[in-house]
Amino acid sequence: MRLRNNPNAKQMLEQHPTYVILEPHFYKNRFATLFNNDNPIHIEIGMGKGDFIINMAKQNPTINYIGIEKYDSVLVVALSKLLEQEHISNLKLICLDIAYVMEVFAENEIDQLYLNFSDPWPKKRHAKRRLTHEKYLSMYQEILSENGKIIFKTDHRSLFEFSLISMNQYNMSFLDICLDLHHSDGYEDNIETEYEKKFSKNGPIYRLEAQFIKWKGC
Ligand code: SAH
């Protein structure tokens, strides 16, 4: 998602340090201190305008959430929504290109990772940019704790197929695969993202839950 550049975005982010972690690498291996508890930490990579993670944080107060977004002009939209709510103490936001995730989170620091409607990068020559490419899976494996899960949703069939293959080749195990999220039983607690609301009118939403099988170092 690219919104028109907002020249005030950086300044607005700086004005809200209770929600926006401006120097996230400073908290590497001690994100728990930000939340003042040892609850599990779940992250969303590419959170866009934030509906999903804001609602997740409200519904699950014993889980700490961190929303990550590459563009500050997008992150400020999520921040504005957040500021309209009563204070949510279990949610923080980071402006970060996930390619640098290893500089920010320590090994095993994250318990669950959400990828919602990631950019599909349909051209073959751009495959390495897809957030489920093995290049990224190797980073997720580092930061995820043992039994930590990746939960991925998309409306983009080719990206979903690519992701299944990529994760399978990476020796991940699939805990759940759903080929039509909005018309299947058992997903009543699904929280929709902005893209999901928009694109579910056009066709099915695909969803998977996966885990790294071999624990690193074994
Ligand atoms: N999750 C939201 C937005 C999906 S669009 C929803 O479902 O509605 C994908 C989002 O990922 C965009 O906001 C884009 O800016 C962000 N993004 C793309 N590449 C990224 C990267 N390398 N690191 C962090 N965010 C990224």
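I began with C95, which counts as partly exposed because its relative accessibility is 32%. The model I am reading is a predicted one, and I keep that in mind for every entry below. I then looked up C178, which at 4% relative accessibility counts as buried, the cut-off for buried being under 20%. A search of the whole structure for disulfides returned zero.

Next I turned to the nonpolar cores. The largest has 34 residues, and the members that touch the most others in it are I43, I66, I94, F105, L113, Y140 and I150. I noted which elements supply at least two residues each to this core: α2 (31-35), β1 (41-45), β2 (64-69), β4 (110-116), α5 (134-143), β5 (144-154), α6 (157-169) and β7 (206-212). The largest share, five residues, comes from α5. I also recorded another core lying apart from this one, with 23 residues that include L13, Y19, M47 and L75. As background, nonpolar side chains in soluble globular proteins tend to be buried together.

I followed I66 individually and, not counting residues up to four places away in sequence, listed its contacts as F31, F35, I41, H42, I43, E44, I53, K92, I94 and F105. Of these, I43, I94 and F105 are named, like I66 itself, among the core members that touch the most others.

For α5, I wrote down Y136, L137, M139, Y140, Q141 and I143 as buried. I then asked what the buried residues of this helix pack against, and found β1, β4, β5, α6, β6 (172-178) and β7.

Which residues does E194 contact, leaving aside its neighbours within four places in sequence? I found M47, K49, G50, D51 and K81, and with K81 there is a polar contact between the two side chains at 2.7 Å. E194 lies in helix α7, which covers residues 194-199, and it counts as buried because its relative accessible area is 18%, where the cut-off is under 20%. Its C-alpha atom is separated by 24 Å from that of D111, a residue 83 places away along the chain.

Last, I looked up Q59, which is found in helix α3, residues 51-59. Is Q59 buried or exposed? Q59 counts as exposed, because its relative accessibility is 54% and exposed means over 50%.

Technical notes:
Residues numbered from 1 in each chain as written. Predicted model: local features only at pLDDT ≥ 70, side-chain atom pairs only at ≥ 80, totals over all residues. Heavy atoms only, no water. Core = buried A, V, L, I, M, F, W, Y, C linked by side-chain atoms within 4.5 Å. Buried < 20%, exposed > 50% of the residue type's maximum accessible area, 1.4 Å probe, protein only. Helix = DSSP H or I, 4+ residues; strand = E, 2+ residues; numbered from the N terminus. Contact = heavy atoms within 4.5 Å. Disulfide = S-S within 2.5 Å. Polar contact = N/O pair within 3.5 Å; in protein donor to acceptor, adjacent residues only side chain to side chain.
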